Amino acid sequence: MRPYHQIPIVECGELLVKIPLELFAVESPHPYQKLGAPYGEHSPYYLRQSVVDHLIQAQNYLHSLVPNWQIQIFDAYRPVAVQQFMVDYSFKEVIQQQKLTEADLSTNQRQDIWQTVYEIWAVPSLDVQTPPPHSTGAAVDVTLVNDRGQIVNMGSPIDELSQRSHPDYYANSSHPKAQQYHTNRQLLREVMLKAGFQRNPREWWHFSYGDQMWAWLSNQANPANCFTARYGRLA
Ligand SMILES: C[C@@H](N)C(=O)N[C@H](C)C(=O)O
Ligand SMILES: [Zn+2]
């Protein structure tokens with residue numbers, strides 16, 4: 001359980017709709033589809049209607065600050081089966097990186113690896129009260145592309161299992177490159193928050209609108225708020 005799981009979900013029933021990809025830059029091929037993630041009849045390029053509207057607002061705001069830059073979509077809707085596939089995939093990746101063998105892992109080693117995985121991945125819960133954020137169609141993983149069509153350097157790749165994923169990792173560095181990474185992350189945050197999203201405190205790329213994490217972060221930011229989540233699990 002994460003603290004945001006205490007937020008009640010009052011499902012509003014809004015449709016999951018296709019993201020107008022022609023308006024955005026898009027990571028291609030899709031990072032999880034290329035690994036063989038089981039999307040079935042679903043597509044990662046869907047979000048709830050209002051979430052798409054707010055993403056377009058974020059991109060319009062970006063254009064007003066830096067003309068011809070674009071929001072790049074890395075991932076959006078993620079069925080729970082895909083969430084399960086990706087946490088299992090990440091678990092195996094950590095084992096490989098540490099040159100371990102799964103069959104030889106002690107209970108403690110196993111626990112430590114799962115803890116590392118769940119630092120950035122949500123549990124693939126099927127409980128309707130604790131849905132993984134992306135399974136609600138309200139969460140999106142994004143970065144920026146500049147006016148030369150280059151992906152903006154945020155100082156670490158999306159989905160890296162390390163401290164560098166923390167949004168403020170570079171905040172206090174005096175190194176010019178690190179300061180630039182922080183400025184880039186702040187620009188992404190600024191346009192997304194201006195459009196009503198909240199950012200995951202553990203990941204510079206993960207934003208949501210209307211899910212439990214969004215409501216919890218909104219309430220934390222202003223104790224006068226008492227938001228509930230509008231979006232629950234879809235599949
Ligand atoms: C790991 C990253 N792609 C992500 O989406 N993390 C959040 C917390 C999630 O799994 O919902
Ligand atoms: Zn995410």
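Rings of Phe, Tyr and Trp (for Trp, its six-membered ring) form an aromatic pair if their centres lie within 6.5 Å; the pair counts as stacked when the planes are under 30 degrees apart, as edge-to-face when they are over 60 degrees apart, and as tilted in the remaining cases. Phe-197, Tyr-209, Trp-214 and Phe-227 form one aromatic cluster. The model is predicted, so local features need pLDDT of at least 70 and side-chain atom pairs count only at pLDDT 80 or more, while totals for chains, interfaces and linings use all residues. Residues are numbered from 1 along each chain as its sequence is written, chains are lettered from A and ligands numbered from 1 in the order in which they are written, and side-chain values use heavy atoms, with hydrogens and water left out.

By the rule for rings, the count comes to ten aromatic pairs. One of them joins Tyr-32 and Trp-121 in a tilted arrangement, at 5.8 Å centre to centre and with 55 degrees between the planes. This pair links distant parts of the chain, 89 residues apart: Tyr-32 belongs to the loop between strand 2 (25-26) and strand 3 (46-48), and Trp-121 to the loop between helix 3 (107-120) and strand 5 (139-145). Helices (H or I, at least four residues) and strands (E, at least two) are DSSP runs, numbered from the N terminus. Tyr-32 is buried, at a relative accessible area of 2%, and Trp-121 is buried as well, at 4%. Here buried means under 20% relative accessible area, exposed means over 50%, and partly exposed lies in between (1.4 Å probe, protein chains only).

Tyr-169 and Tyr-170 form an edge-to-face pair, with 4.8 Å between the centres and 90 degrees between the planes. Tyr-169 counts as partly exposed, because its relative accessibility is 42%, whereas Tyr-170 counts as buried at 9%.

Glu-203 sits in the loop between strand 6 (198-199) and strand 7 (206-208), and is buried, with a relative accessible area of 4%. Leaving aside neighbours within four places in sequence, Glu-203 is in contact (heavy atoms within 4.5 Å) with Ile-120, Ser-165 and Pro-167.
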